[in-house]
Amino acid sequence: MTQNLPTLSPGARVAVIGAGPAGLMAAEVLAQHGAAVDVYDAMPSAGRKFLLAGRGGMNITHSEPQPDFLPRYGERREQLAPFIRRFDSDRLRAWIHELGIETFVGSSGRVFPREMKAAPLLRAWLHRLRDTGVRFHTRHRWLGWNESGALCLQTPDGEIAVQADAVVLALGGASWPRLGSDGAWAPLLQDKQVGVAPLQPSNCGFELAWSEHFRERFAGEPVKPVVASVTLPNGDMANRRGEFIVTAEGIEGSLVYALSAGLRDAIAADGQARLYLDLLPDWTLEKVHAELAHPRGARSMSSHLQSRLHLKGVKAGLLREIVSKDDFADATKLARAIKALPLTLLRTRPIAEAISTDGGVSFEALDDALMLRALPGVFCAGEMLDWEAPTGGYLLTACFATGRAAGAGVLHWLSAEKRPQEEPSK
């Protein structure tokens, strides 16, 4: 998997800042090809966010073919495609198997370790990295550079300066700051004239103005199955079937995360976003209307909904919450609401709660090997780059792939006697 990469002469020292998947993958490539690698991380141990993400089942990648896989990266698919093609989901699975971890493909096409946990994988990986000579320095927070160009790091024993022949920055985005990804690196790079797009939440929840009654009655309830639709700022319609969870503040969950980029951008453009829910996705509008129009006698409409349409609980609660009293009594208007119930989303939940982030180091600020044009010898990888993707293994795949590419980029840069002028990325 690391063929055709140069082996460095003894003495080449590389600093990797960030011990998440991207940083560890860069460290592995470098150490396997002769570099003396030091990994620095602000947290007490490596891979903290990686471990937490795996508690609910470690979704490592996705098995779908590349023509379907790459479009998951939206506007940045062209920039990420070369790295993912060189280390795609098949190669990633093979790499995991080399660590002694078995994987399987779930019914949704998602790929998981056999044990459904991140800890065994991370443990085996760290063991292999240490065996190849990688040195780890935890509780070391990167502060930027000093006047002589050395890396400045805050440690439990005070501030230190570290000289390195090359640097890989893999500091993550700004979600889950308690695990180390706080985005504090952004102004440090901007001060060096590096283009950084603003960090914003991705794969996130949204806030709505629930009534107190609805909030108290249904917070924590899953809504399933439904089809959710949103009109994107470019006029296209995005649709997705799945489920989500009502929260005290609004909505979250896999279905919401899948549409979060479009919803977030709609809020930025218009001040709010409209999400439409089909509460009965397997029923036609005509069938819903026919059942509602069926004589209900002395039964209440709520009883009628449950009897004829099997709508009850949180779905019935959503109808009561959103539909006016007059429309609720009108079979035609109620049928339309059941098939396209409008939820008005006011804002995203805070970035610290998001699964991932959008924004980061602009690809225009990088060459084709992920080296910063403004800072020769400094490479970037992982979520701190300006891309986003839905959950489903796509996030981790791109982190692994760009980490590997950054490590390879360092090897070529350090081994080249003369580095040719890079052509601007398109």
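Helix axes are lines fitted to C-alpha atoms over the stretch in contact, and the angle between two of them runs from 0 to 180 degrees between N-to-C directions. In the predicted model examined here, helix H5 (residues 89-98) packs against helix H6 (residues 119-131) at an angle of about 75 degrees, and the two axes lie 10 Å apart. Angles of 65 to 115 degrees count as roughly perpendicular, and H5 is therefore roughly perpendicular to H6. On the H5 side the contact is made by Trp 95, Ile 96 and Glu 98, and on the H6 side by Leu 121, Trp 125 and Arg 128. By residue class, this contact comprises 4 nonpolar and 2 charged residues, with no polar ones.

The protein as a whole contains 16 helices and 20 strands. Its C-alpha atoms fill a box of roughly 90 × 45 × 45 Å along the principal axes. Of its 426 residues, 52% count as buried. Among contacts with a separation of 6 or more, 70% are between residues 24 or more positions apart.

In soluble globular proteins, nonpolar side chains tend to be buried together. The largest nonpolar core of the model has 91 residues, and the members touching the most other members are Leu 189 and Val 361. Helix H16 (residues 394-415) supplies the largest share of this core, with 12 residues. Another core, of 46 residues, lies apart from it and has Leu 305, Leu 309, Val 314 and Ala 354 among its members. With residues up to four places away in sequence left out, the contacts of Leu 189 are Trp 142, Trp 145, Leu 169, Val 194, Val 196, Val 361, Leu 372, Leu 375 and Met 384. Val 361 is also touched by Asp 386, whose other contacts beyond four places in sequence are Arg 76, Ala 197, Asp 358, Gly 359, Gly 360, Ser 362 and Phe 363. Asp 386 is located in the loop between E20 and H16 and counts as buried, at 12% relative accessibility.

A search of the whole structure returned 22 salt bridges. One of them joins the side chains of Glu 383 and Lys 49, with an N to O distance of 3.3 Å. This pair links distant parts of the chain, 334 residues apart: Glu 383 is in the loop between strand E20 (378-380) and H16, and Lys 49 is in helix H2 (residues 48-53). The cut-off for burial is under 20% relative accessible area. Glu 383 therefore counts as buried at 12%, and so does Lys 49 at 17%.

The salt bridge between Arg 215 and Glu 212 has an N to O distance of 2.8 Å. Both residues are in helix H8 (residues 212-218), and because they are 3 residues apart, about one helical turn separates them. Arg 215 is partly exposed at 23% relative accessibility, as is Glu 212 at 45%. A further salt bridge, of 3.2 Å from N to O, connects Arg 264 and Asp 265. Here Arg 264 is buried, with a relative accessible area of 5%, whereas Asp 265 is partly exposed at 32%.

The peptide bond between Lys 224 and Pro 225 is cis, with omega at about -15 degrees. Pro 225 is part of strand E13 (residues 222-231). Met 116, although not a glycine, has a positive phi of about 65 degrees. This residue is placed in the loop between strand E5 (110-113) and H6 and is partly exposed, at 30% relative accessibility. Asn 203, likewise not a glycine, has a positive phi of about 50 degrees. Asn 203 occupies the loop between strand E11 (196-202) and strand E12 (206-207), where its relative accessible area of 1% classes this residue as buried.

Definitions and conventions:
Residues are numbered from 1 along each chain as its sequence is written. This is a predicted model: local features need pLDDT of at least 70, side-chain atom pairs count only at pLDDT 80 or more; totals for chains, interfaces and linings use all residues. Side-chain values use heavy atoms; hydrogens and water are left out. A nonpolar core is a set of buried Ala, Val, Leu, Ile, Met, Phe, Trp, Tyr and Cys residues joined through side-chain atoms within 4.5 Å. Buried means under 20% relative accessible area, exposed over 50%, partly exposed in between (1.4 Å probe, protein chains only). Helices (H or I, at least four residues) and strands (E, at least two) are DSSP runs, numbered from the N terminus. Contact means heavy atoms within 4.5 Å. Angles under 35 degrees count as roughly parallel, over 145 as roughly antiparallel, 65 to 115 as roughly perpendicular and the rest as oblique. Ala, Val, Leu, Ile, Met, Phe, Trp, Tyr, Cys and Pro count as nonpolar, Asp, Glu, Lys and Arg as charged, and the others, Gly among them, as polar. A salt bridge is a side-chain nitrogen of Lys or Arg within 4 Å of a carboxyl oxygen of Asp or Glu.
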